[in-house]
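This report describes selected helix contacts and pockets of one protein structure. Please consult the sequence and the model shown below while reading.

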Amino acid sequence: MFTRTDDRITATQAAVFLNNTVLGAGILTLPRSVSDSVKTPDSWLSVILGGVIVMAVIFLMVKISQQFPGKTIFQYAGLIVGRVPGVFLCLPLIIFFLTIAGFEIRSLAEVTLFFLLEGTPIWAITLPFIWVGAYLVYGGINSIARVFQIIFPISIMILLICFGFSLRIFDLNHLRPVLGSGILPVISGLKSTVLVYSGCEVVMTLVAFMQQPRKAVKAMLFGIGIPIVLYLLTVIMVIGGLSIDSVITSTWPTIDLIRSFEIPGFLFERMEFPLMVIWLMQMFCNFCSFFFQASLGISQVFRLPVHPVIYALVPVIFISAMVPKSINDVFSLGDTIGKMSIVLFLLLPLLLSVIWLIRTKGLKQHV
């Protein structure tokens, strides 16, 4: 079982796990999706506002998880609302994790197809990644966390090097005027920013695996803080380098930014290739995290041995990844996931917190 006592992670590993769950394909698509919603250079303000909201929700998730040491959302939901309602409450979360796992692996395949393996059948890219992911998930949370710790610093370093070189084409005027059309466009961009933070629901399972759950608040806020800063930096650098009009019409604006300059004499004269290679690994991390969460959820909710569940989910995830027919369908699925995430944000932590508070206060008054 995943919940064996020796399979624990440190506070640092938990922070990296959350970071690698949230930080993924959004780096490549967020500037376009948020700019398309906002239609002004103020997209970066939407990223900040969305980040603040997500941090508040994560704080709430951690606090309720800490009330049930060693138990995940799939276990303590039943303790709060009852066994059967708990199952119905956790099912949407499991479906969400399965859907976003399919979305992440399909996004990974689309990027690979577009930039590296043009003309290859999409299934031929998707299947090997799913099987490798199944092998990693089979090892449990500790194995996944150690892989994440290896990939995390390399990803950040390559991304920051790319942004450092892109400063040569950065124009601050592309980000002006600030709030030229008021605050309403910024608020309308929140829906697009929520998608890139989708997956932070994993906090409600991560706390159960931590060696020191009392450090969970600091670890989780740090874990989500890094993606918020990197997404903010990405939107600022891409809009500053390409202009808002170019960003809206680009499919992969971050890649277009990196392709728009060369570094003669440097180890890599064109930086999009090292970025693409490492970012495929980062998107693979996203996929493995959601695959793990879905397997864990089904195992704990229905009280099944976890390893057969992992194998059973391989064809399910493959089918979910192959459902979108085109890249536009993939982006539409991403928008749907963003909406699902908003509902789960509101439904699970808030609803469970309110019910738990009512029950505990009622019990105290009764005593």
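## Helices α3 and α11

Helix α3 (residues 43-66) packs against helix α11 (residues 216-242) at an angle of about 165 degrees, their axes lying 10 Å apart. That angle makes α3 roughly antiparallel to α11, a label for angles over 145 degrees, whereas those under 35 count as roughly parallel, 65 to 115 as roughly perpendicular and the rest as oblique. The crossing of α3 and α11 is right-handed. The contact involves residues of α3 including W44, I48, M55 and F59, and residues of α11 including M220, I224, Y231 and I239. By class, the contact of α3 with α11 holds 19 nonpolar, 3 polar and 1 charged residues.

The model is a predicted one, in which local features need pLDDT of at least 70, side-chain atom pairs count only at pLDDT 80 or more, and totals for chains, interfaces and linings use all residues. Residues are numbered from 1 along each chain as its sequence is written, and side-chain values use heavy atoms, with hydrogens and water left out.

Several terms apply throughout. Helices (H or I, at least four residues) and strands (E, at least two) are DSSP runs, numbered from the N terminus. Axes are lines fitted to C-alpha atoms, for helices over the stretch in contact, and angles run from 0 to 180 degrees between N-to-C directions. A crossing is right-handed if the near helix is turned clockwise from the far one by less than a right angle, and left-handed if anticlockwise. Contact means heavy atoms within 4.5 Å. Ala, Val, Leu, Ile, Met, Phe, Trp, Tyr, Cys and Pro count as nonpolar, Asp, Glu, Lys and Arg as charged, and the others, Gly among them, as polar.

The contact of α1 with α11 divides into 12 nonpolar, 2 polar and no charged residues.

The axes of α5 and helix α15 (residues 306-322) come within 8 Å and cross at roughly 65 degrees. Here the crossing of α5 and α15 is right-handed. Among the residues in contact are L98, I105 and R106 of α5 and L313, V316 and M322 of α15. In this contact of α5 with α15 there are 8 nonpolar, 3 polar and 1 charged residues.

## The largest pocket

The largest pocket has a volume of about 410 Å³. Of the 28 residues lining this pocket, T29, S33, L195, G334 and D335 are the closest to its centre. Elements giving two or more residues to the lining are α1 (11-22), α2 (26-38), α5 (83-115), α9 (190-197), α14 (272-301) and α16 (327-366). The largest share, 6 residues, comes from α2. The lining of the largest pocket divides into 11 nonpolar, 11 polar and 6 charged residues.

A pocket is an open set of points on a 1 Å grid over the protein atoms alone, where a 1.4 Å probe fits, with protein on both sides within 12 Å along at least five of seven lines; lining residues have an atom within 4 Å of a point. Grid points are joined across faces, edges and corners, and a volume is the space filled by probe spheres set on the points.
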